[in-house]
Amino acid sequence: MDPVEIDGTGQRDGHDGHGGQVGNGAHTGTGGHGGQGANSGTGGHGANGDGIAAGRKPLALSASRAADFTRCPLLYRLRAVDRNPEPRTRAQVLGTVVHSVLEDLYGLEQEERAPERAAQLVPLAVERFYAEDSGGEVVPLSGRAEFESDVAGLVAALYGVEDPQRFSPASCEQYLLTSTSAGTPLHGFLDRVDVAPTGEVRVVDYKTGKPPHPRFRDQAMFQMRFYSLMYQRIHGVLPAQLKLIYLKNGSWLTLTPDLASMVETEASLDRLWSQIEEAGESGDFRPRTSRLCDWCDHQALCPAFGGTPPEYPGWPGTRVVPAGTPNLSTGE
């Protein structure tokens, strides 16, 4: 299984939909299905005979990259095509370590997952972060104790939402790769998948940031509909519930997807990927300004702020993934 184009190394990137809370160095996924598709692509400037820009793998669409293109096509280009580096933030690596602890927690036997045992996992994960992930570059050693305390608080908050000793997930940190009926390649990590004894599926995602304002909740749930579509495409089973857990204040949002919403989600992703491919072939990724520009790391490369983007490296091509699952709209 080759989890391609997460950050070019098989790891999550720093913008994979965890509310900006997951940085480089997060765990790679386990499991995964449908990941044996060919690496052929389509078109692309500076591409080789297979249509793939030399030395680069063709792209698939993740929930975070979909959000990037919708927000600003140039941002998508700089992150997905150019892979322009961005500095890691404390908030990102906090999310990384919290996800690591929760993955370790659910790796224990069910009866072992008491709050006290979860607390014992925190120092071990923080130590890994400093020893293996250059943690001191983002969180100086002088701030390590406070950082560890913040991790512990977020992990403990899970017990106010659910009891990890009452069930065992079917999978944690699972990488999925599939495609829509029309061939749009989709991929991403599922934080957790729960399967009830009666067969109902729940897809869970942890957030370490604040819950969204009510008017932005649909944007937050877009990621979950994206994940639900991937799960359905691979397993032929529509999740019964999508759940976002906000550890910062112990709250959660749930959504019950239906076939109509999945058909709509699939169609919207096909339209979006068509726009991305068109921009990729032409190299025309225009900036779209908004209030979010104030937090963008790429202003120096943005024409809207007097900057000049780097020379366009060419479209790497589109990942080809055999669908192999029922058509959502026809059931065939």
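**View A. Aromatic pairs across the structure.** A search of the whole structure finds 10 aromatic pairs. Rings of Phe, Tyr and Trp (its six-membered ring) pair if their centres lie within 6.5 Å; planes under 30 degrees apart are stacked, over 60 edge-to-face, and the rest tilted. Phe 285 and Tyr 312 form a tilted pair, 5.9 Å centre to centre with 50° between the planes. Both residues lie in the segment after α7 (259-282), so the pair ties together parts that are 27 residues apart in sequence. Phe 285 and Tyr 312 are both buried; that means under 20% relative accessible area, with exposed over 50% and partly exposed in between (1.4 Å probe, protein chains only). Phe 69, Tyr 76, Phe 285 and Tyr 312 form one aromatic cluster.

This is a predicted model: local features need pLDDT of at least 70, side-chain atom pairs count only at pLDDT 80 or more, and totals for chains, interfaces and linings use all residues. Residues are numbered from 1 along each chain as its sequence is written, and side-chain values use heavy atoms, leaving out hydrogens and water.

**View B. Charges over rings.** A charge sits over a ring if NZ of Lys or CZ of Arg is within 6 Å of the ring centre and within 35 degrees of the ring normal. Arg 202 lies over the face of Phe 167, at 5.8 Å from the ring centre. Lys 243 lies over the face of Trp 252, at 5.4 Å from the ring centre.

View C. Helices (H or I, at least four residues) and strands (E, at least two) are DSSP runs, numbered from the N terminus. Strand β4 (residues 241-246) is mostly covered, with 5 of its 6 residues buried. Two strands pair if DSSP finds at least two bridges between them. Strand β3 (residues 201-207) runs parallel to β4, joined by 6 bridges. Lys 207 stands opposite Tyr 246 in β4. The chain crosses from β3 through helix α6 (residues 217-235) to β4 in a right-handed β-α-β crossover. Right-handed means that, with the strands pointing away from the viewer, the path from the first strand over the helix to the second runs clockwise. Strand β5 (residues 251-255) runs antiparallel to β4, with 5 bridges. Leu 253 in β5 is the bridge partner of Leu 244. The β4-β5 hairpin has 4 residues between the strands, and Gly 250 takes a positive phi near 65°.

**View D. Cysteines.** A disulfide is a pair of cysteine sulfur atoms within 2.5 Å; the count is 0. The sulfur of Cys 302 is 6.0 Å from the closest cysteine sulfur, in Cys 72, too far for a bond. Cys 302 is buried at 9% relative accessibility. Cys 172 is also buried, at 16% relative accessible area.
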